[in-house]
Amino acid sequence: MRETQRETVQVSPLSDDLAFLDIVTEWDMVTVYQDWKTSIVVPPTFQPGSLPRVVAVCNQKGGAGKTVTTLELAMALVARGLRVRIIDADPQRASMSVWLRFFRPEGVAADGLKNLKDLFFDDDLSLQDITYATPYEGLHLVPSFPDLDDVESKQPPGTDTNLQFHLRKADDDIDVTLIDCGPKLGPLTVSALVAAHDVIIPVQAASGLDAVGAAALDATLATVRKRLNPDLRVAAVVLTDFSRSSLARKIGGSFARKYPDAAILPARTNVRIGDAQLAKEPLRLFEPTATTVLDYDCAAGVLFGRGRS
Ligand SMILES: Nc1ncnc2c1ncn2[C@@H]1O[C@H](COP(=O)(O)OP(=O)(O)O)[C@@H](O)[C@H]1O
Ligand SMILES: [Mg+2]
């Protein structure tokens, strides 16, 4: 891994005084709506993941909240003292590698920077070679650029198993790798799913279409499980941009039925996420007391069994 001498900041734990959501074992569809409370659902059968762990944050729908979920979960994990690597597996121009700043090694020009695409085309490269430090202690990024699309169009040999191969071989002390997938169920997303222990599915809580679209993801998960990664599990559904409404309640209920062993994690609406992106700061630092930040903090505790959960 290429560490640089540039300064990093430590991400602090959140105060216990803040208004975190309650944790319950089932999604409540029984209480009359007026009395209904948004809660985090952790079914009795849910198991937090052991470390080290690889998690694909995946939904083929653009705008579902994958990038927000990946970054805010990563920040919550580093605040717990874990070492985290984000892999930006989305070729879109405005994605994780634009939002999350990272340190380019001395003497390397921006256009000469090795990135995720090179891992698919250059046999001599290792994951450590393209894992860069970020301004946040413990958080590392494997960036990508729009030419990552070449992986999809050219599909070099071994594309499906490339990430799995490199992650298994990686000789570093990363506890959690989060893969921010793109809005397609193409070869890159399949490569992420083959490499992963867990899938986290972010869904816009007020979009009936996101809920319907998740069926296509199920078919891809079934194929990956059958051929290349039988133990892949859906660990959580994150209901992004969540506000209390009867539609959001219904959508949460439908995912709780569909994935009875998965945690259902609301991430409440915050209108300043766009401002945080413009400022190139995670929401956790831009507005540390935002309810969305608290929700991702709880989500990290639930998913990885550390600290508050
Ligand atoms: N908790 C939230 N509150 C408000 N807006 C949100 C929230 N989560 C996501 N969004 C909005 O959804 C947009 C798309 O999210 P993003 O994570 O980029 O989706 P994806 O990576 O799935 O394409 C964000 O730019 C933001 O405007
Ligand atoms: Mg994204």
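**Stop 1: the cysteines**

Select Cys58 and Cys181: the sulfur of Cys181 is the closest cysteine sulfur to that of Cys58, but at 4.3 Å it's too far for a bond. A disulfide here means a pair of cysteine sulfur atoms within 2.5 Å, and the structure holds 0 of them. This is a predicted model, where local features need pLDDT of at least 70 and side-chain atom pairs count only at pLDDT 80 or more, while totals for chains, interfaces and linings use all residues. Residues are numbered from 1 along each chain as its sequence is written, and side-chain values use heavy atoms, with hydrogens and water left out.

**Stop 2: the core**

Now show Val84, Leu116, Leu139, Leu163, Ile179 and Leu303. Of the 100 residues in the largest nonpolar core, these touch the most other members. Such a core is a set of buried Ala, Val, Leu, Ile, Met, Phe, Trp, Tyr and Cys residues joined through side-chain atoms within 4.5 Å.

Center on Ile179. Leaving out residues up to four places away in sequence, its contacts (heavy atoms within 4.5 Å) include Val54, Val57, Ile87, Leu163 and Ala192.

**Stop 3: two crossing helices**

Select H1 (residues 66–79) and H11 (residues 291–304), DSSP runs of H or I with at least four residues. Their axes, lines fitted to C-alpha atoms over the stretch in contact, come within 8 Å and cross at roughly 75°. That makes H1 roughly perpendicular to H11 (65 to 115 degrees). Among the residues touching are Leu73 and Leu77 of H1 and Tyr296 and Phe304 of H11.

Terms used
Chains are lettered from A and ligands numbered from 1 in the order in which they are written. Axes are lines fitted to C-alpha atoms, for helices over the stretch in contact, and angles run from 0 to 180 degrees between N-to-C directions. Angles under 35 degrees count as roughly parallel, over 145 as roughly antiparallel, 65 to 115 as roughly perpendicular and the rest as oblique. Buried means under 20% relative accessible area, exposed over 50%, partly exposed in between (1.4 Å probe, protein chains only).
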